[in-house]
Amino acid sequence: MTDRYAFQEAHVAQAAAVLEALGRPAGEPADVAGACYGNAVFEALPPLLQGELTTLLGYELDDDPSGEGRARLTPQDANAGFWGVRPLSDTPTDSVRLWLGLFSTVTEPVVRGHLADLILTSRTDTSAQHASATVAGYLDTAERASTDSFYAAMVIVRAASIARSRRMTAEADVWLAGVNLARRLLDTETAPGGPARVLEMLTQTPRTFVPSDEQRATVSDLLNAAESRYRDANAADWIADCRRRWARTEEERLDATRRQTERYLSTAEDGEGFLQMHWASKAAQLAKDHGAADAYDAAVRKMQSIPRDAMGWQAIESTERLPTVAVRSHIRRVARAGSWEQALAVFLASPSPAGSYEHNKNVALDAAKGSIRGLFSTTVFGVHGLPERTNDAFEDGEILRMEQLVIGTHGILLAEELWEIQRTYGAVAISDVATRMTARYGSDRLLTVEFASALGLFWEERYSDAARIALPLIEAGARGLLLRLDEAIYRLERGSSPGRFPSMDFYIEKLEELGLDPDWVRAVRVALLSPGSNARNLAAHGFKFTFSPTETAVLLRLAGLFCALPVSTDADELRRLLPQPLRSARKELRRRLGWIWR
């Protein structure tokens, strides 16, 4: 006794009778398979023959991932374990003999076309004659009145795939059959899946004939009919893709994109708030990708017209208690420094306000393990209420959030340090701050004067004014450091663009390349640049006018990093200083106070 099927000639007639009877009313092979169970004639067959029939009916037509407008025959549930259908390449000889016998016997098109493709795809018979028989069988199946509309579409696409890949003269016949089927499907109440696949096939470039102007116009009319019937934005995508493929001129391709963006914007008008922004921004991106300038402008105008209040934003707040004793312990370093000069030196020797990058990364990724948010991309909106970027890298977004939290916490402590200096040592003359910093660190006099001015404004509680000095001061400090490192950073004029120094983004990238401590690189990026808080650009372009004490304290600390670096040190020594930029600032404090810096 064996559980492996063994072919017998008598099986052909027995199985053919079942397939003919059950195939006649069936819309597709899967219907035949479903009808087998409970059918007395089928259940009277030998069990192993029953299994063979359900197996051969267990293959289905599916979209071919190698390109649009193509289909292939694949096993159902190929990865489903013991009950999945075996790959065609593993078909035993006895099963193949049964298929060949049935193909020569069965006349019902829905079964015959399926059998022909099994034989072709399994490479049992790859001759031109059999390929033509497979195409003919599928064409007969598509014309049956009882064939399921979606399956009819799939067999036409499969027939076209076979004819096109083999450069068969039958390609033209399949193409015409596709036109007739698409027209029939669009004239009836049918889901878009079938028409979409047929039209995707029709708009592929034929390999064996050139469509006439009349044929091209017919396909264009079918696409117009599809656009009228299926008015949702998802249908607009495949219709526009078909139009762009079918277009012969750039204007026709642009018109396809305009129609697609118009459908997006129409969908936006039907929505509210966030849905409006989603479809309008999608329309803008689409128009930009395809060079449709007028459509892009229309989409952007729609985005700009959506009020921020209409977006339905919700603020999610949480409170974290910071123990008073922890704050006191932190500011004790400046309170007991002995003089304002020493206290300010302590401030300028404090670590990166972003903390340790490696520590932040490890904590953020540990906390994010198993988070459902990792399954989705995140769109970040700016203070202007418009989308700025989409983060597909979940882990990077989690690290960034952790760093922003750490900077916010350190901002509180840094602000307390500055206030404690004022409380403990009273008013400090701005000129004295600049003079002492220049003498102590060998700093650039111009930078120390501006730093002292910003510090004075902070102590006067003019925090936003102080921030407006600190922001360009950080950039000037980074640029000056690169110049002292003898780096070629100036950009010559190009065309109508005048010569200029690059932006802060370039400076921090260059300093990172040269070995600047990554904790400070991250601090500058997260506090000033995108995808961080982007304070520099928001302030420069009129989107941020006010700064809190904690934000300003962080900016002063970042400015202090560059202001406390010596200007007389040669380039080689400066390069050695980059991995530990606070080494010179901490040197004297270690000797006097004996602190261990972190």
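I began with Arg-253 and Glu-250, whose side chains meet in a salt bridge at 3.3 Å, N to O (a side-chain nitrogen of Lys or Arg within 4 Å of a carboxyl oxygen of Asp or Glu). The model is predicted, so I kept in mind that local features need pLDDT of at least 70 and side-chain atom pairs pLDDT 80 or more, while totals for chains, interfaces and linings use all residues. Residues are numbered from 1 along each chain as its sequence is written, and side-chain values use heavy atoms, with hydrogens and water left out.

Arg-253 and Glu-250 are three residues apart in helix H13 (residues 250-270), and therefore separated by about one helical turn; helices are DSSP runs of H or I with at least four residues, strands are runs of E with at least two, and both are numbered from the N terminus.

I then looked up Glu-227 and Arg-243, which meet in a salt bridge at 3.3 Å, N to O. This pair links distant parts of the chain, with Glu-227 in helix H11 (residues 213-229) and Arg-243 in helix H12 (residues 233-246), 16 residues apart.

In total, I recorded 34 salt bridges in the structure.
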